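Hi,

Here is the structure I promised to send over. Have a look first, and then read on for what turned up in it.

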Amino acid sequence: MATLKFSVGMKRFFPFIGYHHVLMILLALSVILLSLLLAGCSSSSPLIPDIFLISLYYQPYPPTYDPAQVDPGVTQAIANIVGQAQLEVRVGYFGICINPQGGAFLCSNNASALAAQVTVDQDPLNLIWVAETFQDNIVFPYLIIVAIIFAFVCFIILATFPGWHEEIDERGSEHDVKPFPSRPVSQVALSLIFVASVFVLVSVLWQHTASVAASTIASDLGNGSVGSGVGTAAMVLGWFGFVLFIIVTIGLLVMILSIKLLDELVDED
């Protein structure tokens with residue numbers, strides 16, 4: 001009986017879900033994904049240290065030799081300096097996480113405070129300082145922040161769109177009707193989400209290119225002793241957020257064009 005009541009309730013509920021409600025859900029998901037991206041490495045909470053742009057760590061491996069290397073023997077000198085260090089440093093938009101000895105990550109937005117927690121033997125090549133330099137001079141989160149604000153405003157505008165409601169006609173019969181949203185309001189929402197999509201695209205491309213470049217350079221400089229990697233979770237969050245923004249943009253554009261076409265057909269009749 002309870003299952004039957006639930007099914008009947010859902011059948012009554014779904015018809016009242018409007019097209020703009022779907023767009024609002026997609027917007028909310030995209031804002032959540034981008035917020036998680038910005039929150040990466042900001043705290044030691046579970047999973048947050050796994051959202052990072054770039055990772056630098058001490059790890060011995062066979063060095064790469066190339067004729068372009070003027071002094072190939074420098075790799076051995078670096079290996080002697082590194083010794084048995086095992087430190088890993090992860091960089092996010094607003095924080096840095098370190099793992100000195102393979103345990104839990106320690107995260108902070110103050111690199112100096114993190115550096116005070118380790119010894120010289122744990123970070124002989126100053127990877128924490130390198131991570132701070134990367135974060136201060138290359139990482140730029142403000143386009144994503146502006147995009148999230150624009151998306152939130154667009155969400156509020158979509159929430160004002162009229163939904164289904166009952167009206168009584170001249171004969172006294174009840175009908176479910178849904179008025180068209182205002183075209184100027186719809187165009188404002190479309191403009192906001194389009195600009196937000198461009199901002200996210202620029203930020204994600206910037207993030208991806210800068211992280212890959214910095215990772216490659218760090219590995220080459222620490223050839224045989226320092227490894228690096230690009231955060232997969234951060235890339236996925238950024239690109240998925242952008243894709244959802246694009247879907248909402250296309251959805252709003254289709255809605256505006258459809259309403260315009262219907263208006264023209266009605267005027268012709």
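Let's start with Asp50, which counts as partly exposed at 39% relative accessibility. Keep in mind throughout that this is a predicted model.

What does Asp50 meet? Its side chain forms a salt bridge with that of Arg90, at 3.0 Å from N to O. Asp50 sits in the loop between helix H2 (19–39) and E1, while Arg90 is in strand E2, so this pair ties together parts that are 40 residues apart in sequence.

Glu88 is buried, its relative accessible area being 18%. The count for the model comes to two salt bridges, and Asp50, Glu88 and Arg90 are linked by them in a network.

**The sheet**

Now for the strands. Five of them form an open sheet, and if you walk across it the order is E4-E3-E2-E1-E7, with antiparallel pairing. At the edges are E4 (106–108) and E7 (226–230); each has a single partner strand, so one side of each is left without a neighbour in the sheet. From one strand to the next, the twist averages 15°.

On one side, five bridges join E1 to E7. To find your way along that pairing, look for Ser55, whose bridge partner in E7 is Gly229, and for Ile54, which is partnered with Val230. E1 also pairs with E2 (residues 88–91), over four antiparallel bridges, and there Leu56 stands opposite Val89. Is E1 enclosed or open to the outside? Four of its five residues are buried, so E1 is largely enclosed by the rest of the structure.

**Cysteines**

The model has one disulfide by the distance rule. The bond joins Cys97 to Cys107, with the sulfurs 1.9 Å apart. The torsion about the S-S bond is about 105°, so the disulfide is right-handed. Both Cys97 and Cys107 are buried.

What about Cys41? Its closest cysteine sulfur is that of Cys97, but the 3.9 Å between them is too far for a bond; the cut-off for a disulfide is 2.5 Å. Cys41 counts as buried, at 0% relative accessibility. Cys154 is buried as well, with a relative accessibility of 0%.

Last, turn the model to find a nonpolar surface patch of about 780 Å². The residues that make it are Phe94, Ile138, Phe140, Tyr142, Phe194, Val195, Val198, Val202 and Trp206. Which element gives the most to this patch? That is helix H7 (residues 183–221), with five residues.

Phe140 is another member of the patch, and you will find it in the loop between helix H5 (127–137) and helix H6 (142–159). Phe140 counts as partly exposed, at 37% relative accessibility.

Cheers

Terms used:
Residues numbered from 1 in each chain as written. Predicted model: local features only at pLDDT ≥ 70, side-chain atom pairs only at ≥ 80, totals over all residues. Heavy atoms only, no water. Pairing = 2+ DSSP bridges. Helix = DSSP H or I, 4+ residues; strand = E, 2+ residues; numbered from the N terminus. Axes fitted to C-alpha atoms, helices over the stretch in contact; angles between N-to-C directions. Patch = residues over 30% accessible without salt bridge, like charges linked within 9 Å, V, L, I, M, F, W, Y side chains within 5 Å. Areas by Shrake-Rupley, 256 points an atom, 1.4 Å probe, with all protein chains shown as cover. Salt bridge = Lys/Arg side-chain N within 4 Å of Asp/Glu carboxyl O. Buried < 20%, exposed > 50% of the residue type's maximum accessible area, 1.4 Å probe, protein only.
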